[in-house]
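Open the model in your viewer and keep the sequence panel beside it. The tour below goes from one selection to the next.

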Amino acid sequence: MVKQAHASLALAALVGLALATAGCGESTSESEDDPNAEGSCDSEFSGPIDPSALIDDLEDNNGQIAEVGTRNGGWWISTDGSDGVVTPEAEMQPLPERILGKRCESEFGMHITGADFSEWGAVLSLGFRYTSKEEPVDLSEFEGVMFWARTGDTHSSNVRIQFQDSTTHLEGGKCNPDAGTADECWNGWGTDVTPISTEWQLYKIKFDTLSQRDFGLRGESLDLENVYNIDFNLDPDSVFDLWLDDIWLFE
C-alpha cells in the first residue's frame, strides 16, 4: 500500500544516465507487441507530432515539466520516512542529470536511486499543475502516456506507474487524508511496468488498462478530466535505480 505524502508539488526533476551503445528499442505493456524489440537512433520515436502532447523531454535541464496549455507543474520525490536512502534527496526539487554519451539525441533524463525503505517505499512524482495548491488537468483527449526508461544493473524493485485523480488525490476532496482508513487517499490508477530493461526502451501505457489496488477509496474508472499527477512507485525492501526520459501523451 503506497500512501505517499504528496507535499505541494514543488518543481523537481530526476534524470537518467545511459550508454550510447544501448540502442533505442521500443517496449510496451501490450501483450501483442514484442517487449524486447530493438531499434536504432535513426528510427527513434521521440514523441507525437502534436506539441500539446509533450509532458517533459527534460532537455531544459530544470525540475519543471514543459509548459503546455495549463500544465506548469514539476517533479518531486517522496519516501515513507523509514531508514532507507534515496538520491536525489526526498522532499526537495531534484534536477535532471546529463546522460553520459547521450540517449540517441537526448542529453538529459531523470534518475532516482535508493534502497532499504521498510514501509511503502519511495515515489517519483510528476505534477501537472500548481497554483497556490496542486490542480488537475484534463487528459481526456489522449489515450495514454509513453516514456523511455531503463534501470541500473542492481535494480530489483517493481515499478508501478499510476495516476492520481479526483477520487484518489487529497485535493479532489473525496478521499480521506488519514492513512489506514477505508476511504484513504493515494490509491491511484496504475499498472506495473514490466519488464524494464537495462537498456533504453520505449514504454506505452494506455489509460483504459489501469486499475486500483485493494485499499483506500475506490472509483469506477480513472477520471481523465481531473488528473493531478503521475507517480512512479518503487518498492520497499528493494534496490532501485530507475531512469526516465522523453515523456509524452499519445492519442
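A residue counts as buried here when its relative accessible area is under 20%, and as exposed when that area is over 50%; in between, the residue is partly exposed. The model is a predicted one.

Start with the whole chain in cartoon view. The protein has 15 strands and zero helices. Of its 251 residues, 53% are buried. Colour the surface by element next: the accessible surface is about 10600 Å², and carbon and sulfur atoms hold 46% of that. Among contacts with a separation of 6 or more, 81% join residues 24 or more positions apart.

Now select the cysteine sulfur atoms. How many disulfides does a search of the whole structure find? The search finds one. Cys175 and Cys185 form that disulfide, with 2.0 Å between their sulfur atoms. The link of Cys175 and Cys185 is right-handed, with 95° about the S-S bond. Both partners, ten residues apart, sit in the loop between β11 and β12. Are they buried or exposed? Cys175 is buried, and Cys185 is buried too.

Stay in that loop and select Gly172, which lies between β11 (159-165) and β12 (189-192). Gly172 has a relative accessible area of 24%, so the residue is partly exposed. Show what surrounds Gly172: setting aside neighbours within four places in sequence, Gly172 is in contact with Ser166 and Tyr228.

Methods: Residues are numbered from 1 along each chain as its sequence is written. This is a predicted model: local features need pLDDT of at least 70, side-chain atom pairs count only at pLDDT 80 or more; totals for chains, interfaces and linings use all residues. Side-chain values use heavy atoms; hydrogens and water are left out. Helices (H or I, at least four residues) and strands (E, at least two) are DSSP runs, numbered from the N terminus. Buried means under 20% relative accessible area, exposed over 50%, partly exposed in between (1.4 Å probe, protein chains only). Contact means heavy atoms within 4.5 Å. Accessible areas come from the Shrake-Rupley method with a 1.4 Å probe; for residues, only the protein chains shown count as cover. A disulfide is a pair of cysteine sulfur atoms within 2.5 Å.
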